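Hi,

Here is the structure I promised to pass on.

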Amino acid sequence: MAKPGRKIMVIGHKNPDTDSISAAIAYAYLKNQLSDTEEYEARRAGKINEETKYVLDRFRVAAPSYISDVGTQVSDIDIRFTKGIKKDMSLKKAWEIMKQDDVVTLPVTDENNNLQGLIITGDIAMSYMDVYDKGIISEACTPYRNIVETLDGKMLVGDENQCFDCGNVLVGAGNPEAMEEFIHEHDMIILGNRYESQICALEKDVSCMIICANYKVASTIQKMADEKGCAIISTPYDTYTTARLINQSMPVQHFMRKENLITFEEDSYVEEVQEVMSKERHRDFPILDGVGQYVGMISRRNLLQSKKKQVILVDHNEKSQAVDGIDSAEILEIIDHHRLGSLETMSPVFFRNQPLGSSSTIVYLMYKEKQVKVPKEIAGILCSAIISDTLMYRSPTCTQVDEVCAQELATIAGIDVEELAINMFKAGSSFDSKSVEEIFYQDFKTFSVAGSDFGVGQISSMSEDTLQSVKEQLLDYMPTALKERGLDMVYLMMTNILEESTNLLCYGKNAQEIVEKAYDVKSVDQAYKLEGVISRKKQLIPSFIEAMQE
């Protein structure tokens, strides 16, 4: 059964690893089992690496959908649906719809719901106040049906679907002799019940006669009009009222705004919309969908009622590692195993942070605490995540709790931990089909310490030859990475899982000094050999922070 409301996203850090992806999937599943009202959906903030792809494929789990920004979008606003009107609708009818719906702007759409223009109250007012042209009715190609509708009249002679497209609109108030001086062929003339005036108009080959006050029109006049192709409309209104109302019969297309329309799409971000709105005097703006069709209207007032996206963060609590737009989102929970970072929230949140080797270990513990059965495929990806983050229990971040949880999950999933680890690390350390950029950023995180912004990537393999085969390419790419990310320093850990050691590459101002101060080592062949160092979180970053703060 579908749950009401919006989906809450469970999402890991940028450049996601196996732990980030697995924790998001597993925690979203757990939350859905515990809630009857809210719906949770795992998402990812970057490309899935080869190791994670292997894990998801092996356990037949779909990868989370990608999202680049969690900022508030137009789709998060209650868009007001104002039905589009047709371009040949009369101004009078458009005005009535505006009053009925209490709006000042109407969208003009075609039969396929494509936006053709906008008509606002000011445009209609202009048609009354600023138009003195006797030929405006024909210039607007006004359909006779609009005139009939506006004047509450009847079409006695002629076709309502034809248009008045040539001539002026005049009032035949004088005697026939006087009328002959100002009436011309194709004009439309407003008349009373004077037979002689009607005959005079027909003899001047007018296009249409409007007979006021529902006066009866003689059959001879109707016959003569039909023969001459002259339309006759009967209206209950007097001459003054008819002359005053007739401009309201013009189609909206003649006055609508159709050039340089300011529109937004459903996926437009509210910050961008606000900036545009601040420079425009319009009150309402149309919203289009992904294929350009009209879906509704928004105003400045709607922006005040926008709903922030709701997110749960897993495997990180650093703003620099979070998905773009996190400042505009509502963070509900954080599940992590790293040091406390730079994220701030507007209100208190559920924050679970434990010194364990993997966020997936924490998620599994929550399954046990809530007494929720772990599906076989979820057990498989959680076990894989623990193996990945602890480098098969070799990392100093690994605890006895991690090992016990991994073994329990392996039993549920029916897998051999060592066999899984070998295949995972083999998939993750296969660089043959990857660009140097993909290799460099496959597990890359940024940090801010003591006024310096730096990034640390890590690649792992059970083969030193595999690591050395990409070393030169990675060294050459580091200046590009520094510039692209706007960082002060960049580092790359080339970690040998079996030897439990790391060759560290670095680039940037003071980058070498930080390494040498932290570990008292010297560079050999453009790399620093760090024996026993395999954990970025527990070994490298704490040592760097201490060196930077001294």
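**Strand E21 and its sheet**

Strand E21 (residues 489–496) and strand E22 (residues 501–508) pair in the antiparallel sense, over eight bridges. Two strands count as paired here if DSSP finds at least two bridges between them. Helices (H or I, at least four residues) and strands (E, at least two) are DSSP runs, numbered from the N terminus.

Before I go on, some ground rules. This is a predicted model, where local features need pLDDT of at least 70 and side-chain atom pairs count only at pLDDT 80 or more, while totals for chains, interfaces and linings use all residues. Residues are numbered from 1 along each chain as its sequence is written, and side-chain values use heavy atoms, with hydrogens and water left out.

How many of the residues of E21 are buried? Eight of its eight. Buried means under 20% relative accessible area and exposed means over 50%, with partly exposed in between (1.4 Å probe, protein chains only). Met489, Tyr491, Met493 and Thr495 point one way from the strand, and Val490, Leu492, Met494 and Asn496 point the other way.

These strands belong to an open sheet of five, in the order E19-E20-E21-E22-E23, with mixed pairing. Strand E19 (444–449) and strand E23 (528–531) are at its edges, each pairing on one side only. From one strand to the next, the twist averages 25°. Angles run from 0 to 180 degrees between N-to-C directions, and axes are lines fitted to C-alpha atoms, for helices over the stretch in contact.

Two helices to look for on this sheet:

- Helix H20 (residues 511–519) packs on it and touches E21, E22 and E23, with a direction at about 145° to that of E22. Contact means heavy atoms within 4.5 Å.
- Helix H21 (residues 536–549) also packs on it, touching E19, E20, E21, E22 and E23; its direction makes about 155° with that of E20.

**Another five-stranded sheet**

There is also an open sheet of five strands in the order E7-E12-E11-E10-E9, with mixed pairing. Strand E7 (154–157) and strand E9 (169–171) stand at the edges with a single partner strand each, so one side of each has no neighbour in the sheet. On average, neighbouring strands in this sheet are turned by 25° against each other, direction ignored. E9 and strand E10 (residues 188–191) pair in the parallel sense over three bridges, and Leu170 stands opposite Ile189 in E10. Helix H9 (residues 219–228) packs on the sheet, touching E7, strand E11 (208–211) and strand E12 (231–234), and its direction makes about 80° with that of E7.

Where is Cys208? In strand E11. Cys208 is buried, with a relative accessible area of 0%. Leaving out residues up to four places away in sequence, Cys208 touches Tyr144, Asp187, Met188, Ile189, Cys230, Ala231 and Ile233. One of these, Ile189, is 19 residues away along the chain, with 6.5 Å between the two C-alpha atoms.

Asn49 is in the loop between strand E2 (39–44) and H2. Its side chain reaches the backbone nitrogen of Thr52 at 2.7 Å, a polar contact (a pair of N or O atoms within 3.5 Å; within protein, one must be able to donate a hydrogen and the other to accept it, and residues adjacent in sequence count only if both atoms are side-chain atoms).
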